[in-house]
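This note sets out points on the structure for a colleague who is new to it. Please read them alongside the sequence and the model.

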Amino acid sequence: MGTRTLVVCAACIVLAGCAGNGEGLDENGRPVEEGGGGSGVLTADFASIQANVFTPICTGCHTGAAAPLGLRLDEGVSYALLVNAPSTEVPGLLRVAPGDPSSSYLIQKLEGTAQVGARMPLGGAPLPQETIAVIRQWIAEGAQSSPQSTFPTSLRAAWPMQGAVLDGLSSIVVTADAEIDTTVLTAGTLVLMRSGGDGVLGSEDDIEVPAEIELRSLSPTVFAIRARAGEWPADVYALQISGGGPLAVTDLRAVAIDGDADGIPGGDYVLTFEVEESR
Ligand code: HEC
């Protein structure tokens, strides 16, 4: 009995300490353990928010090809899907509007003031006010990413995932893991094709899909690709970004991206996915 009381009190102290100094909490409301890149102390930088909030609390749902509203919050793609990315529920708001926490949909969802849907984390205890304050501060200070040193630079689709089958799509979101030279992203280095209805890419009836590129972040470079018609007819699609040949996308030192992710600069990045007739 005495031991039990002691244990309960120890937990109280840990929790109180947590609320006071802004440490991250796991899904059970306990302070986050060391590991996974987090220091255990939540600070107003993206790596810390990822390690102490998104990874332990949000990725129970916001991960994989079925992530709610296409919002994956896993490390490596969360930044691309948050910063300057429109909300699905309230398309007039950005999920994270750098410099403007109050009109960032992420904050509204965490504070429970959003016009649509539930407070996040869905079905769980709201984040402590101190934790939300740290995320607000990160946004107020410009919502910078945490510096990474990767070589060579590779690309990753934040949405949709490689090979995904989707009901619908608003845009493809691609992130590099560092800054790339965006001036060559247009004119020939990026091609979006669809199979023309037979499901077979690389055949004569393939159709090029006119696309628009919208730059969302410079470092790391994040861009969204929209079909110019605003429509994605049901079909099999391939996005190809050139990492070789006469015209390649390069990093800031003019070294070609590692498109095929083999660890060596060069090679094309190819993303294939399928849009189904929406039911
Ligand atoms: C139990 C599953 C679950 C958990 C955990 C969860 N979410 Fe969600 N999230 C959802 C669902 C489902 C929706 C869509 C329905 C709604 O908004 O109520 C959603 C919607 C959102 C949206 C709106 C996206 C948009 O584009 O409009 C944001 C932002 C969000 N969640 C952030 C978070 C954050 C940050 C966390 C962690 C603190 C989190 N969620 C934890 C299930 C979850």
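1. In the pairing of two strands, S217 stands opposite V222 in β7. Here strands are DSSP runs (E, at least two residues) and helices are DSSP runs (H or I, at least four residues), numbered from the N terminus. Two strands pair if DSSP finds at least two bridges between them. β6 (211-217) and β7 (222-227) pair in the antiparallel sense over six bridges, and a hairpin of four residues joins β6 to β7.

2. On the basis of the model: it is predicted, local features need pLDDT of at least 70, side-chain atom pairs count only at pLDDT 80 or more, and totals for chains, interfaces and linings use all residues. Residues are numbered from 1 along each chain as its sequence is written, and side-chain values use heavy atoms, with hydrogens and water left out.

3. The loop between β6 and β7 also holds P220. S219 and P220 are joined by a cis peptide bond, with omega about 0°. The peptide bond from M120 to P121 is cis as well, with omega near 0°, and P121 is placed in the loop between α4 and α5. Most peptide bonds are trans, and most residues other than glycine have a negative phi. L69 is not a glycine, yet has a positive phi of about 55°; L69 lies in the loop between α2 and α3 (78-82).

4. β6 and β7 belong to an open sheet of four strands in the order β1-β3-β7-β6, with antiparallel pairing. β1 (155-159) and β6 are at the edges with a single partner strand each, so one side of each has no neighbour in the sheet. Neighbouring strands of this sheet are turned by 30° against each other on average, direction ignored; axes are lines fitted to C-alpha atoms, for helices over the stretch in contact, and angles run from 0 to 180 degrees between N-to-C directions. Within this sheet, β3 (residues 172-176) pairs with β7 in the antiparallel sense over four bridges, and V174 has F223 as its bridge partner in β7.

5. A further open sheet has five strands in the order β2-β9-β8-β4-β5, with mixed pairing. Its edge strands are β2 (165-166) and β5 (207-208), each of which pairs on one side only. β8 (residues 235-241) and β9 (residues 269-275) pair in the antiparallel sense over seven bridges, and Y237 has F273 as its bridge partner in β9.

6. Which residues are closest to the ligand? They are C58, C61, H62, E89 and M120, among 22 residues that surround the ligand (a residue is near if one of its heavy atoms lies within 4 Å). α2 (46-58) and α4 (105-111) each supply at least two residues of this shell, and α4 gives the most, with four residues.

7. The side chain of H62 has an N or O atom 2.8 Å from a nitrogen atom of the ligand. An oxygen atom of the ligand is 2.7 Å from a backbone N or O atom of T88, and an oxygen atom of the ligand is 2.8 Å from an N or O atom in the side chain of R95.

8. The axes of α2 and α5 (residues 129-140) come within 10 Å and cross at roughly 150°. That makes α2 roughly antiparallel to α5 (angles over 145 degrees count as roughly antiparallel, under 35 as roughly parallel, 65 to 115 as roughly perpendicular and the rest as oblique).

Methods
A polar contact is a pair of N or O atoms within 3.5 Å; within protein, one must be able to donate a hydrogen and the other to accept it, and residues adjacent in sequence count only if both atoms are side-chain atoms.
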